[in-house]
Amino acid sequence: QICNQHNAEAPNLEQAFHRMAQTEPNLDHDVSWFLLPSYWAKMVVALISFLCFANSYDGDFVFDDSEAIINNKDLRAETPLGDLWHHDFWGSKLSSNTSHKSYRPLTVLTFRINYLFAGGFYPVGFHVINIILHCTISVLMVDVFSILLGGLQFSNKGRRLNLAPKTSLLAALLFAVHPVHTECVAGIVGRADLLCALFFLLSFLGYCKAFRENKEGHHFSIFWVLVSVILGAIAMLCKEQGITILGLNAVFDALVINKLNILEVIQKLLHKDKSLEKAGLLRKGLLFRITLLMSGGASILYIRWRIMGTGPPAFTEVDNPASFADSLFVRAINYNYYYSLNAWLLLCPWWLCFDWSMGCIPLIKSVSDWRIIALAALWFCLIGLICQALCSEDSHKRRILTLGLGFLIIPFLPASNLFFRVGFVIAERVIYLPSIGYCILFTYGFSLLSKQAKKKKILAVAVLGILLINVMRCALRSSQWRSEEQLFRSALSVCPLNAKVHYNVGKNLADKGNQSAAIKYYREAVRLNPKYVHAMNNLGNILKERNELQEAEELLSLAVQIQPDFAAAWMNLGIVQNSLRRFEEAEQSYWTAIKHRKKYPDCYYNLGRLYADLNRHIDALNAWRNATVLKPEHSLAWNNMIILLDNTGNLAQAEAVGREALELIPNDHSLMFSLANVLGKSQKYKESEALFLKAIKANPNAASYHGNLAVLYHRWGNLDLAKKHYEVSLKLDPTAPGTKENYNLLRRKLEQLQKKGG
C-alpha cells in the first residue's frame, strides 16, 4: 500500500535527493581507509567477526546458561509450546513472585529448537548459532552504517546508494570486533541480545525501504512502516530493548527523511510558532508515520503488559544496591556513575567481568568521593556532543551526531534504572545495541581527524592497530568464556570485592571435589558480604560433610535468620541437627523447609531418614513416598523404602515397591541390587540372579553386588559360582563386612564335600 501526500511548498523528493548528494559533504572524502565493493566489504566483516569468537564454539554451558537452558523445562518436548508465552526467560511463571519478568519467548523457542535438533544438552550447537548470529548482525551493520553515515539515497531504479563505503566498513569492523560483545556471543544466554539486535536492524532497514523514490514525487510505503513495527515487536519478544527501535526510526525519519533542525523545532514549539509546518513537522507525512510508530509501540506494550501482569520483578539489594538507597541524591549519583562505567567499557573494553554486583562497585555516598570525576567527564562529553548536535551550522554534523547519540542512548534506556529497577549494576550484554552509537561517533571523529591530519596513513594505521588489539582481546575473552573455571577466575582481578565472584569460584572448586580450596573462597565471599546466605549455605554444607558440625550449624542458623524463607538452608540445618542427635529440632527444621517450598522431594527424603533413625517406620515410608511422588526418579527414596520394608520383613511389599521403582527408573543399578536382595530372600533365585548380573554389568566394581550375588549362589547351592563372586568381592574390598566369614564357611563346606567325594 502506498500513501501519496503532496505539499505545494515542498520540492520534488527526487530533486531533493540529488541536491543533497551534491551539497552534503562526504565522510569518505578525507578518510584514508580501504575501499571495497559492497560484497567484499561484507565478506571481510563476516570473516573477521567469525575469527574473533570462533574459539568459543566448543565451550561449556557456563554461569546463567545452567538456569536458562539446562534447568529450564520449557526447552523439553514434554512442555507444551503454549507455556513459553506464559513463562519468563528462566522458565518460571510470569505470575510467580520470584519471576524476573524477563519475557523473551522467541529466544527460549530458539533454545528449544537447538535442544531438539541436538537431541539433548550439547553446547556446541548453541554456541555455533550465537556465532552465526553475530556474524550476520555484523554484516547487516555495513548497510546500516552506510545509511547512518552517508544518508538514505536511491538510484533512479530504486536501488539504495552507499555514499560512505569506507566509513561504513570501518564502523562495521569496529562493531564486529568490540570485546564488550563477548558475553553476548560466547555466553549462550546472550542469544537474547543477538536475536533482539537482528530484528532491531531488520526493523530499521525495513523502515528505510518505505522511502524508495519513484516518479510520483513524495511518497512512502505504509506496508514497510507496518513491517518495521512488526519486526520491532519481534525484537522485543527476543529481549526488552527491541522496542526502542520504534523511537529510533522516528528520530531517523525526522533527521534524515525530513531534515529537521531539532533546535529550530524546539524554539518554534516554545514560542508557539504557527510556521511549524514550514519547518517540516507535517511535511512528507512525518506526523502520520510517527503516529503509526507510536500506536504500534503502545499496542505492543499493552499486549505485553496484559500477558505479564502489573507486578514488578523481585530483585534484592545485592543485585542493584543503588536502587535501594534511601537518598535520591545517592541513587542519582550512582546511576550516573554506572553510566560512566558503561561508557568507559565502550571506550576501553579491557576490564570485563561476568558479574558486576555484590560490592564490585561500592556506592558513592558523598561528593568528596574522587569517582565523581567520572560523572563530570561523562556529562562534559555528552553536553559537548549534544550542543554540537543541536547548534552546529553544519547540517551533516548535526545529523550524524544526533543519530550517534540516539543509537547510543535510546537502546540503553531500559537498562538505565530511570523507568524501573533493573537486576544488575552493569551488564556488558546490554551495551550490544548502544555500541552502534559508539561506532558512529568513533568513525565520525576519525573522519574529522583525517580531515585535519597531514599524515592520514599514520592515523589509519593507528585505527588498524585498535582493531587488531580488539580482535586479540575478543579471542582471549572468548577462551575465558569456554569454561566456568576460567570465567570465574578471570573476574578475580577485575572485581576482587565482588562476593559473587568468590562464591562462584568456590562452587566450581567444590563441584570438582576440592573442598579445602572451596572453603577459602566461600569464607571470603561471606567476609565481603556478611549477608550472603547462599555462600553460608554452601560453606555449611561442606563443613557438615567434614564433620565440623558446630560451625556448620552456626552458619546455617545465621542464613535462615537473615532469610527466613531460605528452604535449602533450613533443610541443611535439619541434616546437621540430625547428625548432632537433636532430633526434635531437626524435624522442626525439615518441616519449616517444606513450609517455604511445598514441592521439596530432597527434604522429604531427609525427613524420612530422620524418622527411620527414630524407628518411626510408617512416618519414614510416608515421607519417602512423598519424595517419589514429587520426583518419581528419586532413586535414594525408592531404595530406602525397599530396604526398610526388607529389614522389617515385609518382603511382598518391598518387592512391589522395587518393581514400581524399576518401571520408572529401569536403568538404576542400585534399585536392581535392592530388589534382587528381596527376591533372593523370597527364594525367587532365577529372577534375583538376573537382576544381580544386570546390576554388576552396569557397575562391575561394586564389591557388595558380587558379595550378595555370592550369598544368593551359596543359598541356591551353586557353590562354584558363589566362590567365584566371593573372591571378586574380596578383591574389590578386602574389608567387606561379612563377606570374608561367608567365604570361609563356603571353603570349609567345599573341603568337606571333597573329603566325602574322596
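Which residue lies over the face of F220? R289 does, at 4.7 Å from the ring centre. A charge sits over a ring if NZ of Lys or CZ of Arg is within 6 Å of the ring centre and within 35 degrees of the ring normal. This is a predicted model, in which local features need pLDDT of at least 70, side-chain atom pairs count only at pLDDT 80 or more, and totals for chains, interfaces and linings use all residues. Residues are numbered from 1 along each chain as its sequence is written, and side-chain values use heavy atoms, leaving out hydrogens and water.

**Charge over a ring**
- R421 places its charged end over the ring of F324, 3.8 Å from the centre.

**Aromatic pairs**
- Rings of Phe, Tyr and Trp (its six-membered ring) pair if their centres lie within 6.5 Å; planes under 30 degrees apart count as stacked, over 60 as edge-to-face and the rest as tilted.
- The count comes to 28 aromatic pairs by this rule.
- In one of them, the ring centres of F204 and F252 are 5.0 Å apart and the planes are at 75°, so this pair is edge-to-face.
- F204 belongs to helix α8 (residues 191-209) and F252 to helix α10 (residues 244-257), so the pair ties together parts 48 residues apart in sequence; helices here are DSSP runs (H or I, at least four residues), numbered from the N terminus.
- F204 counts as buried at 1% relative accessibility, and F252 counts as buried at 0%; buried means under 20% relative accessible area (1.4 Å probe, protein chains only).

**An aromatic cluster**
- One aromatic cluster is formed by F61, F89, W90, F111, Y115, F121 and F126.

How values were computed:
Helices (H or I, at least four residues) and strands (E, at least two) are DSSP runs, numbered from the N terminus. Buried means under 20% relative accessible area, exposed over 50%, partly exposed in between (1.4 Å probe, protein chains only).
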